[in-house]
Amino acid sequence: MQAKKRYFILLSAAACLVLLFSLGGLQFRAARARARRQQPRSRHGPQPAGNERPWPRFPDALRPFLPAEPPDAGGYDAQLSPRQKRDANASVYKGKRCRMESCFDVALCQRTGFRVYVYPQQKGEKIAESYQNILAAIEGSRFYTSDPSQACLFVLSLDTLDRDQLSPQYVHNLRAKVQGLHLWNNGRNHLIFNLYSGTWPDYTEDVGFDIGQAMLAKASISTETFRPRFDVSIPLFSKDHPRTGGEKGSLRFNTIPPLRKYMLVFKGKRYLTGIGSDTRNALYHVHNGEDVVLLTTCKHGKDWQKHKDSRCDRDNSEYEKNLGTETLNCKEMIRGLLIRYDYREMLHNATFCLVPRGRRLGSFRFLEALQAACVPVMLSNGWELPFSEVIDWNQAAVIGDERLLLQIPSTIRSIHQDKILALRQQTQFLWEAYFSSVEKIVLTTLEIIQDRIFKHISRNSLIWNKHPGGLFVLPQYSSYLGDFPYYYANLGLKPPSKFTAVIHAVTPLVSQSQPVLKLLVAVAKSQYCAQIIVLWNCDKPLPAKHRWPATAVPVIVIEGESKVMSSRFLPYDNIVTDAVLSLDEDTVLSTTEVDFAFTVWQSFPERIVGYPARSHFWDNTKERWGYTSKWTNDYSMVLTGAAIYHKYYHYLYTHYLPASLKNMVDQLANCEDILMNFLVSAVTKLPPIKVTQKKQYKETMMGQTSRASRWADPDHFAQRQSCMNTFASWFGYMPLIHSQMRLDPVLFKDQVSILRKKYRDIERL
């Protein structure tokens, strides 16, 4: 009986083994067949047969037990490179492989120059205020042209800023409207501005229509969809962001040590579910209520209470500056009565400001931190930072990782105070240079595109990341940094040792005793004078050569173009030195005064240095800017009737300022000196420098009674008042800066022997 049982057990085991091997063999052969079908064919034909065969791909037995994953499980895949992830995101737009070489007609710009055309606004089309500001900035720039045949870049008048379908600013049927534009050409050489794309719940970066080969100037753009050196990442800015000018940075002076009341702050929404919720939901782990204050609120959206968690009541109470007593201990209650977390107060009293991602990658907190001189701590993985093509953000921000949130406090505490001060200073430079207004954001975008087109004269990283910035350093002037007045120290160069005097003549030469001839002789005797140019803006013909006095330096007489005031600031090829001594024909200066002014300018080559000073003030009764020539110790302008400056400002005056301001100057035959002071102060963020002047300078200069003298015109002063306000309106703010500094020679008027003084003649005048 037991033998039968043993035989039965052996027979059952053998049957099971046969069945097992038969089923396993079937799966093995099926997997091998799939592997052969999936194996890529070589482009060179079939490979020779060999002994090596690929490993079979067995089905994953645990796969059915894994939770189902959505198509995009957070956007992070360790097995894909950034380029593969960028290419895989084909649903955003079809031209994902576009680059300047393939989707932009560079030859068109080389024929016409870099000119931008804005489509005329169509009737009935609504345009948000922010987009109106963008279009106004383009139309007011030196790049704008109203002739599409002269343009190489085109901007839509259709509002593309807000492509969130739930937004009231959303423009419907944009796809058909864009395709109907006669110059669209599949988006080639077009630039599209966008701040918001996608909508709840995934907030994709799809703008809702096929952009073709157009470039995107987009906020909150990810590194996956960003097309390097084709798209431009711009900051997210609010509808209240000023069109021009903008507020200055909050760093009024460099405090040492550069630490503030709070080490790290944040105040904003907390998303309970969905995209962007992970980082902000974890901020409470870092918040200590003392020097690290990270406040969040759940109160936003219509149904926030449906998703509220156990921390919402406490977070909301602390966020609203009303700490409840139900859940707090005694110590916390006392601190709650004393602490009121006002956002603006926190922002301007913090060393670092946390900038976590929201629903989208970008955040308003970014620009707010820059303006407040609070070093941004970025927590937005995958965000292509604004203007990252040209701006080195490591000099102005701390780039964190959302996955390493708990390490942020220790990381920022380890940063040395010298580094903190440098970071804060750089935030102020970047804010005022590129981000303080919509106009600067737009112009920076256009300048970046222009640098891509004209690579041989493109700006380098030093220009973009050092004062005065890329917007004021025009590469068309020169490709050598030493030709600009801002980089002598960086290049280890000494300022120029010679100057060219440019005398503006408007009065006929009728006598050998005229002030212009005396001035010419005095300037020519200067040891620093290389040449003298007389700009003849008089209606009478040029005087004969023998009428001009003989001098040791060349004297060149040229006729001004159109005999207008702005012609005195044209970048004449005859000016061979970097330093320019600008003079009115009725100015009275001695050789000693010229020498001293030039030696002062060599220490301040980026500023205007000279003698006659004027000032501005705000008239509260008239609510406008006023102009004064009162003899005081305070000034904000040095008139170009007797001043030294770098010749680059001639080029900047001619090519940067709009034609409307220069036409106003020419029509009035006035205010060109004020406009030059506005320009230089806007570039340098510094006042001019006044040097020693003799007591009789004002009376001597203003006492000229020739009919051609502008100072004799009774409307002269009123015109200058009007110019001040027109210029301030165009700049968007008042760039002039007051100063009470006057530079005198060593031992000036000291009670010592006159023989011990280098500029002894100044005291005798």
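This is a short chat about side-chain contacts in a predicted model.

Me: How many salt bridges does the structure hold?
Reply: The structure holds 19 salt bridges. Side chains of opposite charge can pair when their charged atoms come close.

Me: Give me one. What does Lys 177 meet in a salt bridge?
Reply: Lys 177 meets the side chain of Glu 125, at 2.9 Å from N to O. Lys 177 lies in helix α6 (residues 174-179), while Glu 125 is in the loop between β1 (116-118) and α5 (129-139), so the pair ties together parts 52 residues apart in sequence.

Me: Is Glu 125 buried or exposed?
Reply: Glu 125 is buried, because its relative accessible area is 17% and the cut-off for buried is under 20%. Lys 177 is at 25%, so Lys 177 counts as partly exposed.

Me: OK, next one. Which residue forms a salt bridge with Glu 447?
Reply: Arg 459 does, with the closest N and O atoms 2.6 Å apart. Glu 447 sits in helix α15 (residues 438-453) and Arg 459 in the loop between α15 and α16 (461-465), so this pair links parts twelve residues apart in sequence.

Me: And what is the relative accessible area of Glu 447?
Reply: Glu 447 has 1%, so Glu 447 is buried. Arg 459 is buried too, at 7% relative accessibility.

Me: Which residues are linked with Glu 447 in a network of salt bridges?
Reply: The network links Arg 142, Glu 447, Asp 451 and Arg 459.

Me: What about Arg 720? Where is its partner?
Reply: Arg 720 forms a salt bridge with Asp 673, and their closest N and O atoms are 3.0 Å apart. Asp 673 lies in helix α22 (residues 672-684) and Arg 720 in helix α24 (residues 716-731), so parts 47 residues apart in sequence are tied together. Arg 720 is buried, with a relative accessible area of 0%. Asp 673 is buried as well, at 2%.

Me: Switching to rings. How many aromatic pairs are there in the whole structure?
Reply: A search finds 32 aromatic pairs. Take Tyr 117 and Phe 154: the ring centres are 6.0 Å apart and the planes are at 70°, so this pair is edge-to-face. Tyr 117 lies in strand β1 and Phe 154 in strand β2 (residues 153-155), so the pair ties together parts 37 residues apart in sequence. Tyr 117 and Phe 154 are buried.

Me: Why is the pair of Tyr 434 and Trp 464 tilted?
Reply: Their planes are at 45°, so the pair counts as tilted, and the ring centres are 5.7 Å apart. Tyr 434 is in helix α14 (residues 417-435) and Trp 464 in helix α16, so the pair joins parts 30 residues apart in sequence. Tyr 434 is buried, and so is Trp 464.

Me: Which cluster do ring pairs link them into?
Reply: The cluster holds Phe 366, Trp 383, Phe 387, Trp 393, Phe 429, Tyr 434, Phe 435 and Trp 464.

Me: What lies over the face of Tyr 319?
Reply: Lys 267 does, at 4.8 Å from the ring centre. Lys 690 has its charged end over the ring of Trp 631, 5.9 Å from the centre.

Me: Last topic, the surface. Which residues form a nonpolar patch there?
Reply: Tyr 480, Leu 491 and Leu 493 form one, with about 250 Å² of accessible area together. Tyr 480 is found in the loop between α16 and α17 (488-491). Tyr 480 has 44% relative accessibility, so Tyr 480 counts as partly exposed.

Definitions and conventions: Residues numbered from 1 in each chain as written. Predicted model: local features only at pLDDT ≥ 70, side-chain atom pairs only at ≥ 80, totals over all residues. Heavy atoms only, no water. Salt bridge = Lys/Arg side-chain N within 4 Å of Asp/Glu carboxyl O. Helix = DSSP H or I, 4+ residues; strand = E, 2+ residues; numbered from the N terminus. Buried < 20%, exposed > 50% of the residue type's maximum accessible area, 1.4 Å probe, protein only. Patch = residues over 30% accessible without salt bridge, like charges linked within 9 Å, V, L, I, M, F, W, Y side chains within 5 Å. Areas by Shrake-Rupley, 256 points an atom, 1.4 Å probe, with all protein chains shown as cover. Phe/Tyr/Trp six-rings, centres within 6.5 Å; stacked < 30°, edge-to-face > 60°. Lys NZ or Arg CZ within 6 Å of the ring centre and 35° of its normal.
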